[in-house]
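The sequence and structure are shown first.

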Amino acid sequence: MKKYIIVSAFLLTLGLFRASAQQIDTSGIYGERQDTLSASVFTARQNGNFLSKGKDIRTEVISAAGLCKMACCNLAESFENSASVTVGYSDAVTGARQIRLLGQSGIYTQMLDENRPVMRGLSAPWGLNFVPSQWLESIQIAKGVTSVINGVESMTGQINMEHRKPTDEKPLYVTASYMDDTKADLNIVSALQFDELSTWSTVMLAHVDGNFKAMDMNGDGFMDDPRSLNIALGNRWLYYGGDGTQVRFGVRAISDKRRGGQMDKVSDNPWTSDILNRSLNGYVKVGVPLNELNTSNMAMVLDYTYQNLASDFGYVPMPGMAGLYNGSRYDAGQHSAFANFLYQNQDNDDHHFTLGLSNMLDVYNETFCYGIVKPRTPSRTVLNDLGAFGEYTYHHGDVFSAIVGARLDWYNLAGIRFSPRVTLKWAPSEQWVFRANGGRGLRYSTPLIDNIGVLSTGKQVIGLTDSDGNMIHPLEESWTYGANATWYLPFDESGKTYLSLDFFSTSFTRQMLLDHKMEMEMPSGNMTDLVRFYELGSLVGRNYSYTNNLQLDFSTEPVRGLTLTLTGRLTDARQTLGGQSDDIKPMTSLYKGVFNAQYATRLNKWIFDFTASVNGPCRVWDFMKDLDVNGSKLYANGYTPVYPLLYAQVTRRFKGFDIYIGGENLTNYRQPMPIIGAEAPFGKGSVPGYSGPEFDASCVWGPLMGIKLYGGIRLTIWKKE
Amino acid sequence: MKKFLLALTVAAAAVMLLTSAKPKDKSREALFQTNLHCKNCAAKIQDNVSFEKGVKDLSINVDAKTVRIVYNPAKTDAGKLAEAIRKLGYTAELIEDKSL
């Protein structure tokens, strides 16, 4: 801890007295309109995934072209070309997806919607499924600690989504796709401008997707993917005044219903999970220039979200026991309000500072029932973070920039915290860019939501509530440091050929941990499986939780139209867990490699995409080492196997519309036995003579489904004269 | 699996060979000065003019606000191409029109 403070102080001093800065990317809050940013030369084809050369922080961009490389029905499916972000299932029942960045769970990555924090709390487990990819214009993945302007919940990085803009001259954009597993997807986006100068403009967004037929390709009696119906509607407005004033506001509503679990035909009384998510969001952003040259301005962001979750997992009345239920049930509502007030000043090109106040309020009403219990009354938790912040940017031409930021936050359950952050960038020549950043991250944990997969187990869950039965929400704290070097190879003046190496390290000083453990049940003396939550530092001896990540990226365009990218990542993640024999963090892949090739013919009339990835082994939980299939142990060495994934897509473009066909998981690799104890989901005692492991669908590390083929169409109507 | 990779490689190589060939000598190149001002404008022109009859290649310089089009004179001419750009709401002044 001490060394981190010393390093931070050093970096702060360095930044304050030697640094030179660069403009902070606040265009989403206030600044130039996206459509007026000058782009040097519009290349005939947009790169799909690339590292941004101009950003201070190491930022990977997935462009609209990148979002069209695969089926990419929603955000969860948009990261397959990226080694930085790994997407996996939370469990084998609900279809909830989670990302991993820098070897840590996605809950430590701040998700932003045009610089507004989103997907927090209840919406985190399914939030990736709720963002239709075709609503997006681009995604930016920033590694390490980022700006303090939106809080310090970004511990390992930040993913910002840019939606399609009201100023897009596309009155109608429609996409539809269908997969052979009966998953269908429809998006309609309409952007309208109401006058010549686009003073007022709006974009309407509609989405519906569904998985209409349950499949059980591995024959374990459980659906591979839940049946689901997801509907999302959004409307965004932009007012752009002649004096530079900008007002952006919008609303979004989501309803997502899904049923997973056992196939109906398996049993008269199948184990099922029913989940209903509903959400309503509204926001307004205002930016006002304070002088004619717009060198100082004020901005305000207000955002409100209500999220409601009703979920049950094998929750059925106990026969012959009136008023008692078995299974688990989690019902919750969350009111989230975010307010951010900023003052920005840039009197000259070298110096730029931002001062602000923000408040993030979350009110949870939660009911969690587990095991054989009577329905409980909801517990109410108020989590508030009131903060003041400042960020200074020094910019010395294109050669050097530094951003020094700090926040002072008052957390209603944890007191006052100070969070410094520093970002440095040095570009000594056109060919080289060096970056470094570091700082503190803080967030209130929501242990059950952060580990929603534990609801899909038949194990006892301990440590989620206090002595009064209320859900606990400790503050988590981390320090992240990292550096990046990018070499743009001199033979390619377009800058499309580069080699990038980065290293990032995240270390937690406070964290909620999840552990699996076998414990003696008293007074019966039987061994029972437990899922236990506890805070880092609860164990005797030295406690630690950290990850180190090394990543190499190479991209090139050897001939016009052909883009090749190759990425590799190594992860060393360690945690002290009382129930495990090793400190290697369970269920975290040790490495990943991705190769992507795209070829587009002249005028982009044909586009061919091919992606291959190799996914490294994960250490499994200790209790998984004993699992066997037909007498042979599944994880004899304590690790999952290495597996490849292949994706391919062909797109044919016509005037006004594109059609595409493709395939996912072409190697047809599937995780063996994704559901442990599938024969007895209601508990060991529910099946006479059953002596296998306890039911657990939360240990997912690989694909749940085999080859999937799909086809789709994109229709674009451009605004005419 | 090997067959699949082989087929994919052969298909990609064939497409590259077929499409990366230089335009034939009879092609012409027209350069237009326009009033486009952003990447979205460029995308709009790219997505529409690329599919005009006779267009063989197209590139846009946003800074210079120019559109370069390689076309087959047997199928279209610079006037028709300028009109296609104007239909999208932009000006189109022919700066140069030459044989390749």
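The model is predicted.

**Charged patch on chain B**

On the surface, a patch of positive charge is formed by B:Lys26, B:Lys53, B:Lys75 and B:Lys80. One of these residues, B:Lys75, lies in the loop that runs between strand S3 (66–71) and helix H3 (78–87) of chain B. B:Lys75 counts as partly exposed because its relative accessibility is 46%.

**Nonpolar patch on chain A**

At least two residues of the patch come from each of strand S25 (498–510) and strand S28 (545–559) of chain A. The largest share, 3 residues, is supplied by S25(A). A:Leu499 belongs to strand S25 of chain A, and its relative accessibility of 31% places A:Leu499 in the partly exposed class.

A:Gln110 is located in strand S6 (residues 109–113) of chain A. Its relative accessible area is 4%, so A:Gln110 is buried, the limit being under 20%. When neighbours within four places in sequence are left aside, A:Gln110 is in contact with A:Pro117, A:Asn150, A:Glu153, A:Ser154, A:Gly157, A:Gln158 and A:Ile159.

The accessibility values are collected below.

| Residue | Relative accessibility | Class |
|---|---|---|
| B:Lys75 | 46% | partly exposed |
| A:Leu499 | 31% | partly exposed |
| A:Gln110 | 4% | buried |

Conventions
Residues numbered from 1 in each chain as written. Chains lettered and ligands numbered in written order. Predicted model: local features only at pLDDT ≥ 70, side-chain atom pairs only at ≥ 80, totals over all residues. Heavy atoms only, no water. Patch = residues over 30% accessible without salt bridge, like charges linked within 9 Å, V, L, I, M, F, W, Y side chains within 5 Å. Areas by Shrake-Rupley, 256 points an atom, 1.4 Å probe, with all protein chains shown as cover. Salt bridge = Lys/Arg side-chain N within 4 Å of Asp/Glu carboxyl O. Lys, Arg positive; Asp, Glu negative; His and termini not counted. Charge placed at Lys NZ, Arg CZ, Asp CG, Glu CD. Helix = DSSP H or I, 4+ residues; strand = E, 2+ residues; numbered from the N terminus. Buried < 20%, exposed > 50% of the residue type's maximum accessible area, 1.4 Å probe, protein only. Contact = heavy atoms within 4.5 Å.
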